Amino acid sequence: MCGIVGYVGPRAALPVLVEGLRRLEYRGYDSAGVVVLNGHGLESEKSPGKLQNLEERLKKRPLDGTIGLGHTRWATHGGATEPNAHPHFSCDRRIALVHNGIVENFAELKRGLRGHRFASETDTEVAAHLIERFYASERDPVRAVHRAVGLLRGHFAFAVIFADHPDLLVAARLNCPLVLGLGEEENFIASDIAALLPYTRRALPLDEGDIARVDRAGVRVFDRMLVPARRPVIEVTWGAESAAKGGHAHYMLKEILQQSETVAAELSGRVDAERGDVRFERFGIPKAALRSARRIAIAACGTAWHAGLVAKCAIEELAKVPADVGFSSELRYGDTPFDRDTLTVAISQSGETSDTLAAVRAAREAGSRVLAITNIRGSTLAREADGVLFMRAGLEVCVAATKTYTSQVMNALLFAIHLGRVRGALSRARARQILRDALALPPKVQEVLGDDCAVLRCAKRFLRGYDYMYIGRRYNLPTAYEGALKMKEISYLHAEGYGAGEMKHGPLALVDRRMTVVAIAPQGRVLEKMVSNMQEIHARKGHLVAVTTRGHPIAIAEETFEIPPCEEMFSPLLAVVPLQLLAYHTAVGLGRDVDQPRNLAKSVTVE
Ligand code: M6R
């Protein structure tokens with residue numbers, strides 16, 4: 001949610017920090033600040049609101065120095081005000097700190113810090129004062145941070161700068177992501193690798209409880225007992241251009257339009273249509289465990305949860321094993337019976353969603369193996385899971401997930417096919433058919449992307465609409481949920497995803513001429529039933545928009561978004577595309593902040 005950047009090296013720190021913060025903007029924030037160390041001590045500037053406000057202030061008062069920290073804050077404790085923005089300082093202003101996460105016992109710790117003067121309402125500030133207290137006796141920055149961290153409860157990532165140490169930053173991590181970026185004679189700290197892309201591709205993700213010394217010459221990592229530790233360095237493959245809009249008005253549009261490439265990337269090298277097999281590189285879950293699993297438990301949040309619902313349908317259809325999908329925010333309490341016979345599949349784009357990590361830990365504690373589907377190498381989820389399917393969606397900057405949704409769905413479907421083959425529930429002949437159809441998907445996605453006239457017309461027509469309802473069944477019930485989520489999160493219009501068969505059990509009462517109902521009704525087993533449900537809407541004068549298979553129009557629909565024919569299980573990948581575009585064009589028409597919708601963050605690292 002918040003963003004951290006730290007720099008030490010030969011360059012002027014300020015441009016590196018501001019550029020890093022810009023690349024972290026997508027995480028969501030409501031104030032920003034920087035601190036730089038120079039001959040005058042620690043100099044800082046902060047501002048509520050967007051980064052641009054901070055930049056305006058920095059134009060009037062540039063800060064010199066080759067070492068510093070930057071931060072974007074997403075308010076939790078205390079409003080989005082200048083005093084609450086980070087960095088926070090010790091009383092003598094010789095120590096400054098930026099923080100992601102929450103210090104849960106801050107009130108109790110604050111009471112113990114008698115004589116310290118606090119300048120904000122935040123939980124964070126207590127950490128700066130604790131470090132000050134321990135630094136007074138230890139005189140060693142790493143030891144001081146270690147002792148302070150030992151008293152904190154909650155989850156956090158810190159970066160700390162000391163006026164007494166002009167070539168040193170200290171970083172600490174517990175349950176919030178933090179990576180070190182390794183350069184030549186310069187090093188970086190960042191809450192995610194997006195901030196590092198212009199400078200280095202070598203990243204060292206810290207482990208839980210780690211503390212790191214970061215100076216120009218190198219980095220040293222210590223574990224929670226302060227014993228020197230070696231952590232693997234990962235090579236980042238994303239280019240710096242992945243964090244640019246590439247000529248598009250918004251990241252969201254760029255990312256929607258990339259989907260035929262990203263779907264192709266997911267398939268590349270994994271599909272052997274002739275043999276009817278799927279192969280994953282470094283999968284990590286033994287075939288014996290796939291065969292013996294008696295249940296698949298899927299844990300995810302938000303859009304990833306919708307991908308989990310598609311996975312459930314496919315796993316049950318192709319592998320004939322029961323699959324449950326839970327919100328990670330519910331599964332985390334450990335009442336769900338995970339056990340050795342359950343294979344848990346955790347789906348998370350970021351690999352850092354706090355609830356999903358907690359659900360995974362509960363599952364592992366109960367003896368369940370965990371397979372992660374994630375987009376981020378080196379993420380906490382990737383490191384804690386027994387096996388990983390890495391998505392190949394590339395960096396997604398817009399808060400609203402689009403290309404990472406279709407990548408999650410593609411991975412989930414490939415996994416279901418693999419599971420079906422390994423368990424002997426899916427015949428080779430049927431797998432061949434399915435996989436040939438899978439290979440034909442990228443041009444079909446492109447076809448849908450190229451045909452946005454109806455979407456544009458529809459967005460314009462219903463812009464001032466009263467309410468949106470999205471309905472679907474089976475594989476496209478998740479598409480209905482996802483279409484509605486996209487609409488509400490970026491347009492701020494009310495939109496609900498609902499099972500088409502459930503409408504007459506209550507929500508039909510809402511339908512009148514002010515309601516727009518988007519029915520996801522491609523060819524497949526449930527089409528006739530979908531058409532009946534649409535008739536019920538039509539009879540009550542609701543406006544009907546339909547997603548249909550080309551050549552199979554539904555006459556009562558006032559607007560139609562066509563998708564090419566495909567296996568029913570792949571239809572969610574195609575059907576969601578016009579719904580993403582509909583949400584996008586509606587939000588643009590309403591003048592919304594498409595890439596950074598209000599109140600939301602890209603990666604939800606708090607419970
Ligand atoms: O990083 P994750 O996939 O775990 O994130 C889960 C949700 O926060 C996320 O999918 C969210 O719902 C989307 N950004 C909405 O578009």
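Predicted model: local features only at pLDDT ≥ 70, side-chain atom pairs only at ≥ 80, totals over all residues.
View 1. The domain assignment places domain 1 at residues 3-242 and domain 2 at residues 251-439 of the protein chain. Where the two meet, 14 residues of domain 1 and 15 residues of domain 2 take part in the contact.

**View 2. The surface that the domains share.** How much area do domain 1 and domain 2 bury between them? The answer is about 1200 Å², with 56% of it on carbon and sulfur atoms. Look for Tyr26, Trp238 and Ser242 in domain 1: these residues lose the most area to domain 2, and together they account for 46% of what that side buries.

**View 3. Charged and polar partners.** Two salt bridges are counted between domain 1 and domain 2. Between domain 1 and domain 2, three residue pairs are in polar contact. On the side of domain 1 that touches domain 2, the residues divide into eight nonpolar, two polar and four charged.

**View 4. Inside the largest nonpolar core.** Which members of this 131-residue core touch the most other members? They are Ile296, Ile315, Phe415, Tyr470 and Phe570. Both domain 1 and domain 2 supply at least three residues each to this core. Another core lies apart from it, with 30 residues, among them Ile95, Leu113, Tyr135 and Ala172.

**View 5. Zooming in on Ile315.** Leaving out residues up to four places away in sequence, Ile315 touches Ile296, Ile298, Lys320, Val321, Ala323, Phe415, Ala416 and Leu419. Two of these partners, Ile296 and Phe415, belong with Ile315 to the group of core residues that touch the most other members.

Notes. Residues numbered from 1 in each chain as written. Heavy atoms only, no water. Core = buried A, V, L, I, M, F, W, Y, C linked by side-chain atoms within 4.5 Å. Buried < 20%, exposed > 50% of the residue type's maximum accessible area, 1.4 Å probe, protein only. Domains from an automatic or database assignment. Contact = heavy atoms within 4.5 Å. Buried area = accessible area lost by both parts, 1.4 Å probe. Salt bridge = Lys/Arg side-chain N within 4 Å of Asp/Glu carboxyl O. Polar contact = N/O pair within 3.5 Å; in protein donor to acceptor, adjacent residues only side chain to side chain. Nonpolar A, V, L, I, M, F, W, Y, C, P; charged D, E, K, R; others polar.
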